[in-house]
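The structure is shown first.

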Amino acid sequence: MSARPAAATRWAGVPASRRRDERRDMLVRAAYRLFGDEGESALTVRAVCREAALHTRYFYENFADTGELLAAVYDQAATTLGEVLARALDEAGPRPAARTRAGVRAVLRFISDDPRRGRVLFAEARGNEVLAERRRAAQTALLDGVLAMSRVESPRLPLVIAATMFTGAMTELAQRWADGRLGDDLDAVVDSAVELALAMHDRAADHLP
């Protein structure tokens, strides 16, 4: 395919390393739009390059295949969510209840603000090994974060089990919210999720020696 006429001169005077970085970012943003709006089937090399208005040679300058590009799309969305979540938890203070509420709300609000984020991070991850691998890594990181919130240096088995269950439930909650299967009342969903999460934590704590 050929690029749009403007592409021939858009890089004039721009250092080579910066040109490559900018083209990579254009491809990732184009893939995000395609995947977020239409799903994995829309993510072909030609479609991405057409969306980004770039020649296909620039695709292979940055990515080996669409799987590698999809990984970059996921990583970018996950990094942004991580930053949003970190700010929310920092502002919530040290109390576990406040941090749990802030964390749940931040994740669901992040998805509400741009539903394509939810599709990239949650809704489409199950059938694709690239996304599934990253999703497993994200769940492990979330589990570590939940355990850290308990402020126990060496969590006992009941707390580990409770944290593991919460992690799985939170992932499923985010996916169902992204799919629109939980309605549109964010406050109601957050309230219910926090109530159940804290009850699970308290129940686990009761079983500690």
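## Packing of H1 against H4

In this predicted model, Arg 24, Asp 25, Leu 27, Val 28, Ala 31, Tyr 32 and Phe 35 of H1 are in contact with Leu 69, Leu 70, Ala 72, Val 73 and Gln 76 of H4. Sorted by class, this contact between H1 and H4 contains 9 nonpolar, 1 polar and 2 charged residues.

## Leu 27

Leu 27 belongs to helix H1. The relative accessible area of Leu 27 is 0%, and the cut-off for buried is under 20%, so Leu 27 is buried.

Apart from residues up to four places away in sequence, Leu 27 touches Val 48, Cys 49, Ala 52, Leu 54, Tyr 58, Phe 59, Asn 62, Phe 63 and Leu 69. One of these, Leu 69, is 42 residues from Leu 27 in sequence, with a C-alpha to C-alpha distance of 8.0 Å. Leu 69 is also among the H4 residues that meet H1.

## Ala 53 in the H2–H3 loop

Ala 53 sits in the loop between helix H2 (45–52) and helix H3 (56–62). Its phi is near 60°, a positive value in a residue other than glycine. Ala 53 has a relative accessible area of 8% and is buried.

## Helix H5

Helix H5 is made of residues 96–113. At 1.5 Å a residue, its 18 residues should span 26 Å, and the end C-alpha atoms are 25 Å apart, which agrees.

Which residues of H5 are buried? They are Arg 99, Thr 100, Ala 102, Gly 103, Val 104, Ala 106, Val 107, Leu 108, Phe 110 and Ile 111.

## Salt bridges

Side chains of opposite charge can pair when their charged atoms come close.

Asp 25 and Arg 29 form a salt bridge in which the closest N and O atoms are 2.8 Å apart. Asp 25 is partly exposed, at 31% relative accessible area, and Arg 29 is partly exposed at 37%. Asp 25 is also listed among the H1 residues that meet H4.

Asp 191 and Arg 101 meet through their side chains in a salt bridge of 2.7 Å, N to O. Because Asp 191 lies in helix H9 (residues 186–206) and Arg 101 in helix H5, this pair ties together parts that are 90 residues apart in sequence. Asp 191 has a relative accessible area of 39% and counts as partly exposed; Arg 101, with 34%, is partly exposed.

A salt bridge also links Asp 113 with Arg 109, with 4.0 Å between the closest N and O atoms. Within helix H5 these two residues are 4 residues apart, a separation of about one helical turn. Asp 113 is exposed, with a relative accessible area of 53%, whereas Arg 109 is partly exposed at 40%.

Terms used. Residues numbered from 1 in each chain as written. Predicted model: local features only at pLDDT ≥ 70, side-chain atom pairs only at ≥ 80, totals over all residues. Heavy atoms only, no water. Contact = heavy atoms within 4.5 Å. Nonpolar A, V, L, I, M, F, W, Y, C, P; charged D, E, K, R; others polar. Buried < 20%, exposed > 50% of the residue type's maximum accessible area, 1.4 Å probe, protein only. Expected span 1.5 Å × (residues − 1).
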